[in-house]
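Here is a short tour of the charged side-chain contacts in this protein. Take a look at the model first, and then we can walk through a few pairs together.

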Amino acid sequence: MAGKANSKLKTLVLADILREKTDEEHPMSAAELCQELGDYNIDAERKSIYSDIDVLRDYGLDVINTTYPKKGYFLGDRDFELAEIRLLVDAVESAGFISENKTRALTAKVEKVCSRWQRDRLHKQVYVEECRKTGNEQVYYIIDALSEAISKGCKVRISYQKRRIVADEKARNESRIYTVSPYALIWSDDHYYLVCNNQNYDNFMHVRVERIRKVEMLEDEKIRPCSEFSSFKEGFDCAAYLAQNMFNGYTGEPETIQLRCDNELIQAVTDRFGEDVVIFEADEDTFSVIVTAAVSDGLVDWILQFGSKMLVLSPETLQTDLLSKIASTAEAYQTLLADR
(Lines give C-alpha, C1' and ligand atoms only; values in the text may rest on other atoms or scores of the structure.)
Protein backbone atom coordinates (compact mmCIF):
# COMPACT_ATOMS: atom_id res chain seq x y z
CA MET A 1 0.00 0.00 0.00
CA ALA A 2 2.83 2.37 0.80
CA GLY A 3 4.21 2.01 -2.71
CA LYS A 4 0.84 2.87 -4.24
CA ALA A 5 0.36 5.86 -1.94
CA ASN A 6 3.82 7.16 -2.69
CA SER A 7 3.25 6.71 -6.43
CA LYS A 8 1.24 9.93 -6.37
CA LEU A 9 4.55 11.68 -5.67
CA LYS A 10 6.48 9.78 -8.32
CA THR A 11 6.83 12.59 -10.88
CA LEU A 12 7.91 15.10 -8.23
CA VAL A 13 10.48 12.71 -6.75
CA LEU A 14 11.73 11.86 -10.23
CA ALA A 15 12.37 15.57 -10.84
CA ASP A 16 14.37 15.75 -7.59
CA ILE A 17 16.44 12.70 -8.59
CA LEU A 18 17.25 14.19 -11.98
CA ARG A 19 18.18 17.50 -10.36
CA GLU A 20 20.31 15.98 -7.61
CA LYS A 21 21.95 12.95 -9.20
CA THR A 22 22.31 13.64 -12.92
CA ASP A 23 24.17 16.03 -15.17
CA GLU A 24 25.76 15.91 -18.63
CA GLU A 25 28.54 13.61 -17.44
CA HIS A 26 26.31 11.42 -15.26
CA PRO A 27 23.08 10.39 -17.06
CA MET A 28 20.84 7.70 -15.57
CA SER A 29 18.99 5.02 -17.51
CA ALA A 30 15.29 4.34 -17.07
CA ALA A 31 16.17 1.20 -15.08
CA GLU A 32 18.45 3.21 -12.77
CA LEU A 33 15.74 5.82 -12.27
CA CYS A 34 13.32 3.01 -11.31
CA GLN A 35 15.85 1.78 -8.76
CA GLU A 36 16.27 5.28 -7.32
CA LEU A 37 12.49 5.63 -7.01
CA GLY A 38 12.44 2.30 -5.18
CA ASP A 39 14.71 3.83 -2.53
CA TYR A 40 11.80 6.22 -1.86
CA ASN A 41 9.42 3.23 -1.64
CA ILE A 42 7.87 4.17 -4.98
CA ASP A 43 7.07 1.37 -7.42
CA ALA A 44 7.94 2.20 -11.04
CA GLU A 45 8.38 0.45 -14.39
CA ARG A 46 10.61 1.59 -17.21
CA LYS A 47 7.67 2.36 -19.49
CA SER A 48 6.14 4.67 -16.88
CA ILE A 49 9.45 6.55 -16.60
CA TYR A 50 9.18 7.61 -20.26
CA SER A 51 5.71 9.12 -19.77
CA ASP A 52 6.79 10.82 -16.53
CA ILE A 53 9.72 12.40 -18.32
CA ASP A 54 7.35 13.68 -21.01
CA VAL A 55 5.27 15.30 -18.24
CA LEU A 56 8.38 16.95 -16.77
CA ARG A 57 9.33 18.26 -20.20
CA ASP A 58 5.83 19.66 -20.69
CA TYR A 59 6.22 21.36 -17.32
CA GLY A 60 9.40 23.03 -18.55
CA LEU A 61 12.28 20.89 -17.24
CA ASP A 62 15.09 20.38 -19.74
CA VAL A 63 15.35 16.57 -19.47
CA ILE A 64 17.77 15.38 -22.14
CA ASN A 65 18.06 11.89 -23.59
CA THR A 66 21.68 11.04 -24.37
CA THR A 67 23.86 8.14 -25.47
CA TYR A 68 27.17 9.55 -24.17
CA PRO A 69 28.96 8.77 -21.94
CA LYS A 70 26.19 6.18 -21.65
CA LYS A 71 22.54 5.87 -22.58
CA GLY A 72 20.21 7.66 -20.21
CA TYR A 73 18.63 10.93 -19.07
CA PHE A 74 19.97 14.01 -17.33
CA LEU A 75 18.74 17.46 -16.37
CA GLY A 76 20.28 19.95 -18.77
CA ASP A 77 19.49 23.63 -18.43
CA ARG A 78 19.18 24.69 -14.79
CA ASP A 79 18.19 27.93 -13.09
CA PHE A 80 21.89 28.73 -12.53
CA GLU A 81 25.01 27.78 -14.45
CA LEU A 82 27.87 26.31 -12.42
CA ALA A 83 29.94 29.47 -12.97
CA GLU A 84 27.07 31.57 -11.56
CA ILE A 85 26.84 29.32 -8.50
CA ARG A 86 30.59 29.68 -8.04
CA LEU A 87 30.25 33.47 -7.97
CA LEU A 88 27.41 33.34 -5.43
CA VAL A 89 29.25 30.93 -3.13
CA ASP A 90 32.41 33.02 -3.42
CA ALA A 91 30.49 36.15 -2.43
CA VAL A 92 28.81 34.48 0.56
CA GLU A 93 32.03 32.94 1.89
CA SER A 94 33.99 36.18 1.56
CA ALA A 95 31.30 38.38 3.17
CA GLY A 96 32.51 39.29 6.64
CA PHE A 97 29.08 40.45 7.81
CA ILE A 98 27.67 36.89 7.52
CA SER A 99 28.51 34.62 10.48
CA GLU A 100 30.25 31.27 9.99
CA ASN A 101 27.08 29.31 10.80
CA LYS A 102 24.95 31.38 8.44
CA THR A 103 27.65 31.10 5.77
CA ARG A 104 27.57 27.31 5.89
CA ALA A 105 23.77 27.22 5.86
CA LEU A 106 23.39 29.72 3.02
CA THR A 107 26.12 28.08 0.92
CA ALA A 108 24.40 24.70 1.31
CA LYS A 109 21.10 26.22 0.12
CA VAL A 110 22.74 27.83 -2.90
CA GLU A 111 24.46 24.57 -3.82
CA LYS A 112 21.16 22.65 -3.84
CA VAL A 113 20.53 23.82 -7.39
CA CYS A 114 23.58 21.81 -8.49
CA SER A 115 23.87 18.08 -8.96
CA ARG A 116 25.97 16.27 -6.36
CA TRP A 117 28.68 15.82 -8.98
CA GLN A 118 28.75 19.55 -9.69
CA ARG A 119 28.93 20.27 -5.94
CA ASP A 120 32.01 18.06 -5.64
CA ARG A 121 33.64 19.90 -8.53
CA LEU A 122 32.64 23.25 -7.04
CA HIS A 123 34.29 22.44 -3.70
CA LYS A 124 37.54 21.61 -5.48
CA GLN A 125 37.59 24.85 -7.46
CA VAL A 126 36.42 27.56 -5.05
CA TYR A 127 39.22 29.17 -3.06
CA VAL A 128 38.23 32.12 -0.89
CA GLU A 129 40.71 34.23 1.02
CA GLU A 130 40.05 33.77 4.73
CA CYS A 131 38.22 36.67 6.31
CA ARG A 132 37.05 37.40 9.81
CA LYS A 133 33.39 36.55 10.18
CA THR A 134 30.98 38.38 12.44
CA GLY A 135 29.62 36.60 15.49
CA ASN A 136 26.23 38.27 15.05
CA GLU A 137 23.84 35.40 14.30
CA GLN A 138 20.87 37.82 14.07
CA VAL A 139 22.16 39.63 10.99
CA TYR A 140 19.52 38.06 8.67
CA TYR A 141 16.67 39.27 10.86
CA ILE A 142 18.29 42.69 11.25
CA ILE A 143 18.59 43.08 7.47
CA ASP A 144 14.96 41.99 7.05
CA ALA A 145 13.74 44.45 9.69
CA LEU A 146 15.73 47.32 8.18
CA SER A 147 14.47 46.46 4.68
CA GLU A 148 10.87 46.53 5.92
CA ALA A 149 11.41 49.91 7.59
CA ILE A 150 12.94 51.35 4.41
CA SER A 151 10.01 50.01 2.38
CA LYS A 152 7.46 51.55 4.78
CA GLY A 153 9.39 54.81 5.17
CA CYS A 154 9.58 54.50 8.96
CA LYS A 155 12.26 55.47 11.44
CA VAL A 156 14.03 52.77 13.45
CA ARG A 157 15.59 52.60 16.89
CA ILE A 158 18.77 50.55 16.77
CA SER A 159 21.14 49.16 19.36
CA TYR A 160 24.63 49.63 17.91
CA GLN A 161 27.69 47.89 19.32
CA LYS A 162 31.24 49.23 19.03
CA ARG A 163 34.57 48.32 20.57
CA ARG A 164 35.78 50.87 23.10
CA ILE A 165 39.15 51.21 24.80
CA VAL A 166 39.36 52.77 28.27
CA ALA A 167 42.67 53.54 29.98
CA ASP A 168 43.94 50.69 32.18
CA GLU A 169 41.11 48.43 31.00
CA LYS A 170 40.71 45.77 28.35
CA ALA A 171 38.88 46.68 25.14
CA ARG A 172 35.19 46.04 25.55
CA ASN A 173 31.97 46.20 23.58
CA GLU A 174 29.75 49.17 24.23
CA SER A 175 26.16 49.48 22.98
CA ARG A 176 24.46 52.74 22.14
CA ILE A 177 20.88 53.46 21.14
CA TYR A 178 20.22 55.61 18.06
CA THR A 179 16.99 56.72 16.42
CA VAL A 180 17.61 57.06 12.69
CA SER A 181 15.84 57.50 9.37
CA PRO A 182 16.91 54.58 7.13
CA TYR A 183 17.30 55.17 3.39
CA ALA A 184 19.24 52.24 1.91
CA LEU A 185 21.29 49.12 2.56
CA ILE A 186 24.48 49.06 0.51
CA TRP A 187 27.43 46.71 0.13
CA SER A 188 30.62 48.73 -0.31
CA ASP A 189 34.30 47.85 0.16
CA ASP A 190 33.41 44.41 1.57
CA HIS A 191 31.12 45.82 4.25
CA TYR A 192 27.34 46.05 4.50
CA TYR A 193 26.10 49.49 5.56
CA LEU A 194 22.84 51.11 6.53
CA VAL A 195 22.72 54.64 5.08
CA CYS A 196 20.64 56.71 7.45
CA ASN A 197 20.25 60.05 9.20
CA ASN A 198 20.65 60.56 12.92
CA GLN A 199 17.81 62.85 13.89
CA ASN A 200 20.26 65.08 15.81
CA TYR A 201 22.45 65.91 12.78
CA ASP A 202 22.11 67.25 9.25
CA ASN A 203 24.09 64.63 7.33
CA PHE A 204 24.12 60.99 6.26
CA MET A 205 25.37 58.40 8.70
CA HIS A 206 26.86 54.99 7.87
CA VAL A 207 26.16 52.09 10.20
CA ARG A 208 27.84 48.68 9.83
CA VAL A 209 24.95 46.22 9.75
CA GLU A 210 26.79 43.41 11.57
CA ARG A 211 27.30 45.74 14.55
CA ILE A 212 23.56 46.28 14.99
CA ARG A 213 22.17 44.03 17.72
CA LYS A 214 18.52 45.08 17.79
CA VAL A 215 16.08 46.92 15.50
CA GLU A 216 12.76 48.44 16.53
CA MET A 217 10.61 49.87 13.75
CA LEU A 218 8.82 53.08 14.76
CA GLU A 219 5.77 52.82 12.52
CA ASP A 220 4.27 56.09 13.77
CA GLU A 221 7.42 58.09 12.91
CA LYS A 222 8.06 58.68 9.21
CA ILE A 223 11.61 59.09 7.94
CA ARG A 224 13.08 62.55 7.63
CA PRO A 225 13.08 63.71 3.98
CA CYS A 226 16.72 63.70 2.87
CA SER A 227 15.99 66.89 0.90
CA GLU A 228 16.18 68.73 4.24
CA PHE A 229 19.91 68.12 4.59
CA SER A 230 21.24 66.89 1.22
CA SER A 231 21.17 67.57 -2.51
CA PHE A 232 18.67 64.74 -3.11
CA LYS A 233 15.49 66.77 -3.62
CA GLU A 234 13.41 63.96 -5.17
CA GLY A 235 14.32 61.25 -2.68
CA PHE A 236 17.42 59.18 -1.96
CA ASP A 237 19.37 58.11 -5.07
CA CYS A 238 21.53 55.13 -4.13
CA ALA A 239 23.59 55.04 -7.34
CA ALA A 240 24.40 58.75 -7.17
CA TYR A 241 25.19 58.48 -3.48
CA LEU A 242 27.66 55.63 -4.00
CA ALA A 243 29.31 57.42 -6.90
CA GLN A 244 29.84 60.73 -5.13
CA ASN A 245 29.23 60.64 -1.38
CA MET A 246 31.07 57.58 -0.13
CA PHE A 247 34.69 56.51 -0.21
CA ASN A 248 36.00 53.45 1.65
CA GLY A 249 33.10 53.67 4.07
CA TYR A 250 33.56 57.40 4.81
CA THR A 251 31.08 60.09 3.91
CA GLY A 252 31.99 63.53 2.60
CA GLU A 253 30.97 66.24 0.21
CA PRO A 254 31.61 65.37 -3.45
CA GLU A 255 34.23 67.52 -5.19
CA THR A 256 35.96 67.58 -8.55
CA ILE A 257 39.50 66.29 -8.08
CA GLN A 258 42.45 66.35 -10.47
CA LEU A 259 45.14 63.71 -10.03
CA ARG A 260 48.51 63.11 -11.68
CA CYS A 261 49.45 59.45 -11.64
CA ASP A 262 52.21 57.20 -12.86
CA ASN A 263 51.06 55.17 -15.86
CA GLU A 264 51.20 51.94 -13.87
CA LEU A 265 48.22 53.17 -11.80
CA ILE A 266 45.78 53.34 -14.70
CA GLN A 267 44.11 50.07 -13.68
CA ALA A 268 43.81 51.15 -10.03
CA VAL A 269 42.18 54.43 -11.08
CA THR A 270 39.69 52.86 -13.48
CA ASP A 271 38.86 50.09 -10.98
CA ARG A 272 38.04 52.75 -8.41
CA PHE A 273 36.29 55.38 -10.57
CA GLY A 274 35.12 53.45 -13.62
CA GLU A 275 36.19 53.15 -17.23
CA ASP A 276 34.62 56.49 -18.20
CA VAL A 277 36.96 58.68 -16.12
CA VAL A 278 38.28 61.73 -17.98
CA ILE A 279 41.96 61.29 -18.84
CA PHE A 280 42.97 64.56 -20.42
CA GLU A 281 46.76 64.52 -20.41
CA ALA A 282 49.36 61.77 -20.71
CA ASP A 283 53.04 61.37 -21.50
CA GLU A 284 55.53 58.53 -21.40
CA ASP A 285 55.48 58.28 -17.60
CA THR A 286 52.29 59.86 -16.22
CA PHE A 287 48.68 60.70 -16.94
CA SER A 288 46.23 63.18 -15.42
CA VAL A 289 42.65 62.42 -14.58
CA ILE A 290 39.58 64.30 -13.36
CA VAL A 291 37.20 62.49 -11.01
CA THR A 292 34.35 63.32 -8.66
CA ALA A 293 34.63 61.81 -5.18
CA ALA A 294 33.66 62.41 -1.57
CA VAL A 295 36.53 64.24 0.14
CA SER A 296 37.05 62.34 3.37
CA ASP A 297 39.61 60.42 5.41
CA GLY A 298 38.80 57.43 3.21
CA LEU A 299 39.89 59.28 0.07
CA VAL A 300 43.04 60.61 1.78
CA ASP A 301 44.05 57.11 2.89
CA TRP A 302 43.38 55.69 -0.58
CA ILE A 303 45.60 58.30 -2.26
CA LEU A 304 48.43 57.95 0.29
CA GLN A 305 48.77 54.21 -0.34
CA PHE A 306 50.31 55.06 -3.73
CA GLY A 307 52.91 57.43 -2.28
CA SER A 308 54.55 59.75 -4.80
CA LYS A 309 53.04 57.79 -7.70
CA MET A 310 49.73 59.67 -7.23
CA LEU A 311 49.65 63.42 -6.59
CA VAL A 312 46.65 65.73 -6.12
CA LEU A 313 46.77 68.76 -8.44
CA SER A 314 43.51 70.21 -7.11
CA PRO A 315 41.69 71.17 -4.97
CA GLU A 316 44.13 72.85 -2.63
CA THR A 317 42.11 71.87 0.44
CA LEU A 318 42.68 68.20 -0.34
CA GLN A 319 46.41 68.85 -0.81
CA THR A 320 46.42 70.42 2.66
CA ASP A 321 44.64 67.41 4.16
CA LEU A 322 47.20 65.07 2.61
CA LEU A 323 50.15 67.11 3.85
CA SER A 324 48.66 67.21 7.35
CA LYS A 325 48.22 63.43 7.39
CA ILE A 326 51.76 62.89 6.10
CA ALA A 327 53.21 65.32 8.68
CA SER A 328 51.34 63.75 11.62
CA THR A 329 52.42 60.26 10.53
CA ALA A 330 56.06 61.36 10.18
CA GLU A 331 55.94 63.05 13.58
CA ALA A 332 54.54 59.92 15.22
CA TYR A 333 57.39 57.80 13.81
CA GLN A 334 60.01 60.37 14.79
CA THR A 335 58.69 60.33 18.35
CA LEU A 336 58.67 56.54 18.38
CA LEU A 337 62.28 56.35 17.22
CA ALA A 338 63.41 59.08 19.64
CA ASP A 339 61.97 57.15 22.59
CA ARG A 340 64.06 54.06 21.83
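A salt bridge here is a side-chain nitrogen of Lys or Arg within 4 Å of a carboxyl oxygen of Asp or Glu. The model you see is predicted, and by this rule it holds 17 salt bridges.

Let us begin with Arg119 and Glu20, whose side chains form a salt bridge with an N to O distance of 2.5 Å. Arg119 belongs to helix α7 (residues 116-125) and Glu20 to helix α2 (residues 10-21), so this contact ties together parts that lie 99 residues apart in sequence.

| Salt bridge | N to O distance |
|---|---|
| Arg119 and Glu20 | 2.5 Å |
| Glu210 and Arg208 | 2.7 Å |
| Glu264 and Lys309 | 2.9 Å |

In the pair of Glu210 and Arg208, both residues are buried.

Next come Glu264 and Lys309, joined by a salt bridge at 2.9 Å. This pair links distant parts of the chain, 45 residues apart: Glu264 sits in the loop between β10 (254-262) and α10 (266-273), and Lys309 in the loop between α11 (297-304) and β13 (310-314). Is Glu264 buried or exposed? With a relative accessibility of 55%, Glu264 counts as exposed, whereas Lys309, at 34%, is partly exposed.

Terms used. Residues numbered from 1 in each chain as written. Predicted model: local features only at pLDDT ≥ 70, side-chain atom pairs only at ≥ 80, totals over all residues. Heavy atoms only, no water. Helix = DSSP H or I, 4+ residues; strand = E, 2+ residues; numbered from the N terminus. Buried < 20%, exposed > 50% of the residue type's maximum accessible area, 1.4 Å probe, protein only.
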